[in-house]
Every structure is written in structure tokens, then in C-alpha cells.
Amino acid sequence: MEIWIIIVLVVAFFFWRMKPAKGVRSVSTAQLKDMLNDKDKIFIDVRTPAEYKGRHISQFINVPLGSSFENLPKDKEIIVICQSGMRSSQACKQLKKQGFERVSNVRGGMSAY
């Protein structure tokens, strides 16, 4: 019985962590490919510099998770990617808290790209 409670709690925790922040749009990698040439969007990659150097999409700038987002323009849509979608989800929540209105998370991250 106790093991089932632990399993339910773990599943609930992961579901809660994967849930997008309110007002954050989720985009697929197929949708991302159609957006990459849009000059009205800012593309940020929140992985570590080593991960970014290993493989990245040229339109994305590296702003590692934990860095300041204050230099990003608030009048453009921000598209965020990481390796799997977890860190980018956290970054999207931070961006929303800092007043960015149009924020999108790439579902599945670079692993799905």
C-alpha cells in the first residue's frame, strides 16, 4: 500500500513539473521549423554553453538557465528551447514572472528536433 502512495506522488510530481506555465504556448518542432525565419521572434537556448556548442540551431542565442533575461525585448515573442523541454519550461515560467507576455516553449527540445 505504501509503495502505491509513493508511486502516485512521484507521478504527480512529474506531471506538475511538466505542466506548462499559465500563458505559455507550447510549440512542436515542426511548428518551430516554420518560425525560424520570423524576425519578430527571439529564439533562446537555455542549455549550458557546452551543450549549445555541441549542437544548436543557428537562430537561437545561448542564454543558460539562471542567467538574466533583462536584455531580451518584451515586445517580441520569445521562443525557448533546451535539451528535453524541462529547463525551457522553467525558463518560460521565469520569463512570464518577469513580465514577458508572448512566451513559447519548444515541446521535446533539441532531442525532438
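The model is predicted: local features need pLDDT of at least 70, side-chain atom pairs count only at pLDDT 80 or more, and totals for chains, interfaces and linings use all residues. Residues are numbered from 1 along each chain as its sequence is written, and side-chain values use heavy atoms, with hydrogens and water left out. The chain holds five helices and five strands. Five salt bridges are counted.

**Fold and dimensions**

- Helices (H or I, at least four residues) and strands (E, at least two) are DSSP runs, numbered from the N terminus.
- From the N terminus on, the order of elements is α-β-α-β-α-β-β-α-β-α.
- The C-alpha trace spans about 55 × 30 × 25 Å along its principal axes.
- Of the 113 residues, 35% count as buried. Buried means under 20% relative accessible area, exposed over 50%, and partly exposed in between (1.4 Å probe, protein chains only).

**Nonpolar core**

- The largest nonpolar core has 15 residues. Such a core is a set of buried Ala, Val, Leu, Ile, Met, Phe, Trp, Tyr and Cys residues joined through side-chain atoms within 4.5 Å.
- Ile44, Phe69, Leu72, Ile78, Val80 and Leu95 touch the most other members.
- Two or more residues come from each of β2 (41-45), β4 (77-81) and α4 (86-97). Helix α4 gives the most, with three residues.
- In soluble globular proteins, nonpolar side chains tend to be buried together.

**Nonpolar surface patch**

- Ile3, Trp4, Ile7 and Val11 make a nonpolar surface patch of about 430 Å².
- Patches are made of residues with over 30% relative accessible area and no salt bridge; like charges are joined within 9 Å, and nonpolar side chains (Val, Leu, Ile, Met, Phe, Trp, Tyr) within 5 Å. Areas come from the Shrake-Rupley method with a 1.4 Å probe; for residues, only the protein chains shown count as cover.
- Trp4 lies in helix α1 (residues 2-18). Trp4 counts as exposed because its relative accessible area is 56%.

**Salt bridges**

- A salt bridge is a side-chain nitrogen of Lys or Arg within 4 Å of a carboxyl oxygen of Asp or Glu.
- Glu77 pairs with Arg25, with the closest N and O atoms 3.5 Å apart. This pair links distant parts of the chain: Glu77 is in strand β4 and Arg25 in strand β1 (residues 24-27), 52 residues apart.
- Glu77 is buried, at 8% relative accessibility. Arg25 is partly exposed, at 41%.
- Glu77 also forms a salt bridge with Lys41 (3.0 Å, N to O). Lys41 sits in strand β2, 36 residues from Glu77. Both Glu77 and Lys41 are buried.
- Shared partners join Arg25, Asp38, Lys41 and Glu77 into one network of salt bridges.
- Asp45 and Arg47 form another salt bridge (2.8 Å, N to O). Both residues are buried.

**Charges over rings**

- The charged end of Lys33 sits over the ring of Tyr113, 5.3 Å from its centre.
- The charged end of Lys74 sits over the ring of Phe100, 5.2 Å from its centre.
- The criterion is NZ of Lys or CZ of Arg within 6 Å of the ring centre and within 35 degrees of the ring normal.

**A loop lysine**

- Lys76 is in the loop between β3 (61-62) and β4. Lys76 counts as partly exposed because its relative accessibility is 26%.
- Lys76 and Val8 are 68 residues apart in sequence and 40 Å apart in space, C-alpha to C-alpha.
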